[in-house]
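Dear colleague,

I am passing on to you the structure we discussed, and below it you will find an account of what turned up in it. Please read the two side by side.

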Amino acid sequence: MKKRLVLAVSVLSLLGICFAIFYQVANLKLLDRRGLRQKHGGTVAIEEEETPLSDDFDDEDLGDGYVRDGTDYNAPKEIQSSDITSFFCAFSTLYEDETLTMGNKRYALKADLDGDVVKGSFAAWDYDDSDERRFEADKSFMKELQEIIKNNNIVQYNGLDSEIKGIPDDYGATISVVYESGENIYAMDNSDNFLPPDAEDLLVQLFAGACAKGNEVIGVSVTEHFEAMNVPDGSGFIKFPILTIGRNDVFGETDDLKYPAEDALRDTIDAVNSKEADEARSSAGSFGKGSFDRGLYYDADCFVTRNDTEVVSFYVRACDYEDMEQSGENTFVRTYNIEAENGKILTFKDTFKNLKNLPGIIVSLLKKEYPKLDFNDNAEESISESIDDNDGDVCFALGNGFVHIFINEYVVNDRAGAYHLTLAVSDYPGLISNFYVTCPDNSLTRLDYNTDYFIKKDKSFRMECYEAPGEEDVYWKGIVGDNTYEATYYGHAPEAYLARKNKKNYLYLNLPTGDVSFHGIIYEIKDDGIEPVPEQGDMSMTIADNTTLDPDYFLMNINNVIDGTVCFMYPTGAFKIDDDGFPVSVANEYKLSGSRVKIKESGRYNPRNIEDAANSGGMFYVTEDTEVTPYASDLKSYIDFITTDEEESRILRFTIDSFSSDMKLDNFGKLEDVFKE
């Protein structure tokens, strides 16, 4: 009897629950899709939290966990029109394993056609970060969007409408497409991401490409900090780079450049400078005993590889010799890729679209670039682990149309020293995120040796340099495809800069001609090699015999300077920065003739800057007949002369009231009172 009573109560309870469910379903409002239609040629504005195809269901009637299914099984599975006027898509890959290039994030993409202009936005966020951008594009954007929808058969999901009330936006997907004909696609499921991963990836990259801002240059200057170090029984030094957004002029002030940078970018650059200084001083703290014939050192050099309104990228190559018992020089490369808008330092995960294939690509290129070397059997695995751990043993720097990859020593074999590879974006179209594909048409980049720089889709430029044993000359090669240009220079390998302007490629060489003097020349890089530029070509222009050049005044040596005043570079010549940020010879406009002259009277003379003034007690005392030669000028208010017959040269600054177009030592205005031939 007791069992029967329990059974009866259970049956009644079940009937009650069924009746309650039937009552709620019977009272649900039908989806009103008449509002989904629009007049031919109209536009639909997408609000931030709604789609143009949202229904008017009353959320307050439902409790958390309630499953609502409003799927329209009769929704059309074919769309005749191909002209999209409005698009919205939101989806989550936060908890998915296969995310291709997207990573685990929540995305919201939208675009509206407004006349002939597409106005859209891109948003991506996870639990640690968010990225929101807006863009404008032409109508071709909608055509590319339609190709993705068509090729991935997105219309098959039309009519899907499933929702679990109360769950967070960490799951599911929504897509809404409105066509000019009035046709539409609408599908939503907030618990299941039904969209194909390939389609999602293509959508993200399409919108990322539209948002990319890397079409304008941000000026980045690089200077060096040098310190002599006290070393027992010997000598030592540290040298490390200091980066500045802008250009440091000869007065130590920073020019505001053509495209001012965000404060967040400046803050990150300052943090990088502090880190590099710490690395140098930490190395100095490890210096052991020195010796008379060899000093200890930490020497870090910086190469800016890209500097535009999307990203600032550079690498620092640090070499050290900290102890006389050290078998050889240690080398380590650090890279920095900083988003210009928010100062975020990018990782492999942020930048590369296909991390699974990247280690294999790197190993393949290593074997091709270094065919005589052996690499560990687990080299690909070691590279993959370093990328996943973001430990810096494998690192990258974005370039203009290609990517630098560095594999530091002992990662792939037992050989000391870092490996340097470059990967052309055109050779690997799916390599990096579309955010970082767009680059400025014009750029100026300091070049490294034994590195391929891609100047065209199928052409690269490469420099090599070596010294013959027992000789002071260095042998330089510039290689374009199968064509090689060879030259011999004295003492040091030349510094080089690649300038891209007006769809042409120019090579700027800073050629050492002695301990402190330089000689400048420009070549155009062509398919069949390099040749001097006819109108500027050899710019040595012997303005004054045996003059010297301070690298601080040498425009190329400051690296990627954009905008700024005209400056002299002796004996290279006079240059100004044009509107595109490139050095242009103005030797025909401004000339300085004359050789060495002598100070007419003993007395105190102005040093060139505050630092020199502080070191000299305010002014330099210079004796009569001290020999000087022209050194540098801003073509506005001063000209500097450098002493030539002193053990330690000093630079004297003379203020000028005005400059003539044909400047000579005898027409500077009252300088004849200072100098004698």
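Contact here means that heavy atoms lie within 4.5 Å, and it is in this sense that Phe141, Glu144, Leu145 and Ile148 in H2 meet Ala199, Leu202, Leu203, Leu206, Phe207 and Ala210 in H3. Please keep in mind that the model is a predicted one. By class, the residues where H2 touches H3 comprise 9 nonpolar, no polar and 1 charged.

As for how these two elements are arranged, helix H2 (residues 140–151) packs with helix H3 (residues 197–211) at an angle of about 170 degrees, their axes being 10 Å apart. Because angles over 145 degrees count as roughly antiparallel, H2 is described as roughly antiparallel to H3.

The largest nonpolar core has 68 residues, and those with the most contacts inside it are Phe87, Phe141, Leu145, Ile405 and Ile407; H3 gives the most to this core, with 7 residues. Leu145, once its neighbours within four places in sequence are left aside, is in contact with Ile84, Phe87, Leu203, Leu206 and Phe207. A second, separate core of 30 residues has Phe240, Ala280, Ala284 and Val304 among its members.

Turning to the chain as a whole, it contains 9 helices and 39 strands, and buried residues make up 51% of its 677 residues. Of the contacts with a separation of 6 or more, 59% come from residues 24 or more positions apart. The chain exposes about 33,700 Å², of which carbon and sulfur atoms supply 47%.

With best regards

Note on methods: Residues numbered from 1 in each chain as written. Predicted model: local features only at pLDDT ≥ 70, side-chain atom pairs only at ≥ 80, totals over all residues. Heavy atoms only, no water. Axes fitted to C-alpha atoms, helices over the stretch in contact; angles between N-to-C directions. Helix = DSSP H or I, 4+ residues; strand = E, 2+ residues; numbered from the N terminus. Parallel < 35°, antiparallel > 145°, perpendicular 65-115°, else oblique. Nonpolar A, V, L, I, M, F, W, Y, C, P; charged D, E, K, R; others polar. Buried < 20%, exposed > 50% of the residue type's maximum accessible area, 1.4 Å probe, protein only. Areas by Shrake-Rupley, 256 points an atom, 1.4 Å probe, with all protein chains shown as cover. Core = buried A, V, L, I, M, F, W, Y, C linked by side-chain atoms within 4.5 Å.
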